[in-house]
Structures are given as structure tokens and as C-alpha cells.
Amino acid sequence: MSILLTGASGGLGGAIFSQIVSTPALRAHHGIYAVRDAASSKSTFKKLSSSSPFHSYELVSLDLSRLQSVREVAAAINAQVEVGSIPPITAIILNAGYEEAERQTWTEDGLDMSFMVNYLGHWLLTLLLLQSVDRERGRIVWISSWAQNPEDPHNIMNGSFKDNRYKTMVFDDLEPLAKGTWSSNADDNTSWAAAYRRYGASKMCGVAMIHELQSRLDQDPLLSKISVLAIDPGAMATGIIRHSHWFVRVLVFRVFAGIFGTMLVYLYPNGSWRTPRKSARDVLAAAFDCGPPPLTAQPKGVYLNGSEAGQYSSEAKDPKKGQVIWEGSLRSSALEGHETILRQWR
């Protein structure tokens with residue numbers, strides 16, 4: 001079987017890769033590791049895998065901010081699976097992430113960058129690859145964040161959603177999120193909150209798929225055994241905060257998390273602060289383990305906070321909001337029926 005991991009060169013992605021190559025049962029899988037630039041990442045992955053030469057893998061250049069890149073990568077992977085040059089995919093781990101701070105940027109298609117990279121690119125990639133997923137035990141794992149839930153204690157404490165107009169992310173149209181007009185930097189005089197909310201909204205859309213996409217898979221005779229779940233890996237010292245203020249980037253994440261992360265994980269395994277190594281184990285458990293609960297042989301619609309059941313946005317649980325997100329995703333991605341084998345694709 002194969003494992004597909006996006007954002008494989010990032011902090012959590014690198015930890016997941018290291019965990020795979022150091023675990024016999026996992027390194028027996030073929031790895032498909034998606035990075036922004038495969039050529040520049042070759043030496044790093046070669047070094048990481050030097051102690052485990054028996055893990056077959058390939059690096060794939062994937063730009064999640066470009067719809068065309070997503071389509072090209074999916075087509076190449078589907079072709080390989082179809083002819084048998086690589087095994088079907090047993091786990092799709094949607095890990096790549098992007099968070100802005102003082103700036104706001106858009107893709108070449110006019111979509112908000114956080115929305116496109118964190119959600120829509122992954123959504124499109126998943127639908128295009130369904131034909132290559134193991135139909136007996138395949139899993140799709142969305143990497144989440146507490147930013148997806150305005151009522152999360154972290155967000156209440158930091159005050160990012162205190163303005164009532166931001167407590168609801170999706171109304172009757174996905175376009176404000178897709179175009180970046182909801183919580184735009186231009187409408188917020190803080191240096192971080194607007195971008196943080198857009199990041200959270202993009203993550204909430206992904207979490208909504210543990211119900212919306214799962215429901216559509218369950219109605220499909222060919223794909224009904226595939227599971228969709230999400231996991232919050234906690235706060236870690238990784239590069240996703242590279243656009244943040246230096247105080248957050250250096251003192252909070254690099255110094256505080258770097259020094260105290262291991263101790264905090266020991267005391268509070270599923271607490272706010274974790275190490276990439278611990279979170280990598282949790283992500284791979286979500287992708288492969290059949291227990292203990294809440295994981296099962298088919299963990300459909302499960303939301304994890306590390307290694308335990310977690311709380312998530314009420315909007316992500318709302319079937320009406322899920323439908324709005326799905327229909328907006330179709331429009332923003334221009335998905336056509338011949339591109340996916342999902343019967344209930346619209």
C-alpha cells in the first residue's frame with residue numbers, strides 16, 4: 001500500500017516521515033511525499049532515510065496554491081496506480097499548511113491563499129485521487145487546528161473572535177472565504193487576528209468534510225468503506241508561523257516551545273503544546289490504528305485532539321453549512337464529473 005503526505009518537508013511533515021522510516025510496519029508502505037520543490041528537498045529526505053534504506057518513496061512537487069498543479073499531480077499518481085507501478089493509497093494525510101500574519105495574498109486564480117492551500121487544494125486533490133484509494137481500508141486525514149473553532153478556550157483567551165461578525169464563518173455562500181473578503185486584513189487594525197481567523201476558517205472547511213465528504217462516500221457502493229477524520233496536532237515549534245511577529249516566531253515558538261515542549265508533553269500529552277514527534281505519532285495512529293477508541297477499524301467522522309476525542313466547530317457539524325462549503329468548493333475548483341469517481345460529487 002501507499003501513503004500520501006502533503007507538506008512533507010515541514011516541521012510536522014518531516015516528523016511524520018521520520019516516524020514512517022523508523023517503524024517497520026509503516027516503512028513497508030510506498031511513500032508519496034508532496035513538497036513545494038522536490039529537487040531542493042532530495043538531500044534532506046535522503047539524509048532522513050539513510051538509516052532505513054528499505055523504505056521506497058518518491059518526492060512530488062505540488063503547489064497547493066495552483067489548481068493546475070493539483071490536477072497534474074493527481075493525474076500522475078492515478079496513472080501510476082492504474083498501471084500497478086505503485087500500490088493503491090491506504091492513507092491520504094492532508095498536512096500542508098499556510099498561515100499569514102501582517103499581509104494578505106491571493107492565488108493566480110484570485111482565491112485567498114490560506115483558503116486555497118489549507119483547504120481547497122487538499123479538497124480537490126482528495127476528490128481527484130479517490131480512484132486510487134484502497135477501497136477496503138483507505139483513510140483521509142485532515143490536519144486541523146484549534147483555530148477552526150471560535151468557541152475554543154484558546155481563541156476566547158486570545159480574543160481573535162470577540163467581534164460578533166467573526167463568530168460565524170460560513171453563511172449562504174462560500175465566496176467570502178474563498179475570495180478572502182471575510183476577515184480581510186483591510187478590515188482589521190491588528191497585525192495578526194484577521195489572518196489567524198482566515199486560517200481558522202480554512203481549517204474549519206476541512207473539518208466539515210469529516211461529515212460532508214464522509215456522507216457522500218457512504219452513499220457510494222465503491223467507496224463506502226473509506227474513512228474521513230481530522231486531528232488537531234496541537235501547537236508545535238514548526239515553520240508555519242514563519243510570517244508571524246518576531247515575538248511569536250522566536251520567543252514563543254522557538255524558545256518557549258523548544259525548551260519546554262518535551263516536558264509539557266510528558267505532563268499534558270494532549271495539552272496545548274506538543275512536540276512534532278508526539279504529534280506525528282498521533283497523526284499516523286489516526287491514519288492506521290484501529291483502536292483504542294475513538295479509533296476503530298473504520299473511524300468515520302472522528303475528530304481527534306492528539307490521541308483523544310476532541311471538540312470542534314458547530315459549523316463543521318451543520319449539514320447545511322457542509323452543503324454550502326461543498327457547493328462553493330465545486331465552483332472555486334471548477335471540478336467536473338469526469339475528474340472524480342465519486343458518484344455524489346455535486
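How far apart along helix α5 are F115 and Y119, counted in helical turns? About one turn: these two residues sit four places apart in α5 (residues 113-129). The general rule behind that is simple: an α-helix has 3.6 residues a turn, so residues three or four places apart point the same way.

Some ground rules before going on. This is a predicted model, where local features need pLDDT of at least 70, side-chain atom pairs count only at pLDDT 80 or more, and totals for chains, interfaces and linings use all residues. Residues are numbered from 1 along each chain as its sequence is written, and side-chain values use heavy atoms, with hydrogens and water left out. Helices (H or I, at least four residues) and strands (E, at least two) are DSSP runs, numbered from the N terminus.

**Aromatic pairs**

Rings of Phe, Tyr and Trp (its six-membered ring) pair up here if their centres lie within 6.5 Å; planes under 30 degrees apart are stacked, over 60 edge-to-face, and the rest tilted. That rule gives 13 aromatic pairs. One of them is F17 with Y33, an edge-to-face pair with 4.8 Å between centres and 80° between planes. F17 belongs to helix α1 (residues 11-21) and Y33 to strand β2 (residues 30-35), so this pair ties together parts that are 16 residues apart in sequence. F17 and Y33 are both buried, where buried means under 20% relative accessible area, exposed over 50%, and partly exposed in between (1.4 Å probe, protein chains only). Back to the opening pair: the ring centres of F115 and Y119 are 5.6 Å apart with planes at 55°, so the pair is tilted. F115 and Y119 are buried too. Ring pairs also join F17, Y33, F45 and Y57 into a cluster.

**Charges over rings**

A charge sits over a ring if NZ of Lys or CZ of Arg is within 6 Å of the ring centre and within 35 degrees of the ring normal. Here are two such cases:

| Charged residue | Ring | Distance to ring centre |
|---|---|---|
| R197 | Y166 | 3.7 Å |
| K317 | Y312 | 4.7 Å |

**Helices**

The loop between α11 (276-288) and β7 (302-305) holds P292, and the bond joining G291 to P292 is a cis peptide with omega about 0°. P294 lies in the loop between α11 and β7 as well, and the P293 to P294 bond is cis, with omega near 15°.

Two non-glycine residues have positive phi. For S183, phi is near 55°; S183 is in the loop between α7 (175-179) and α8, and is buried at 2% relative accessible area. For A334, phi is also near 55°; A334 is in the segment after α13 (319-333) and is partly exposed at 47% relative accessibility.
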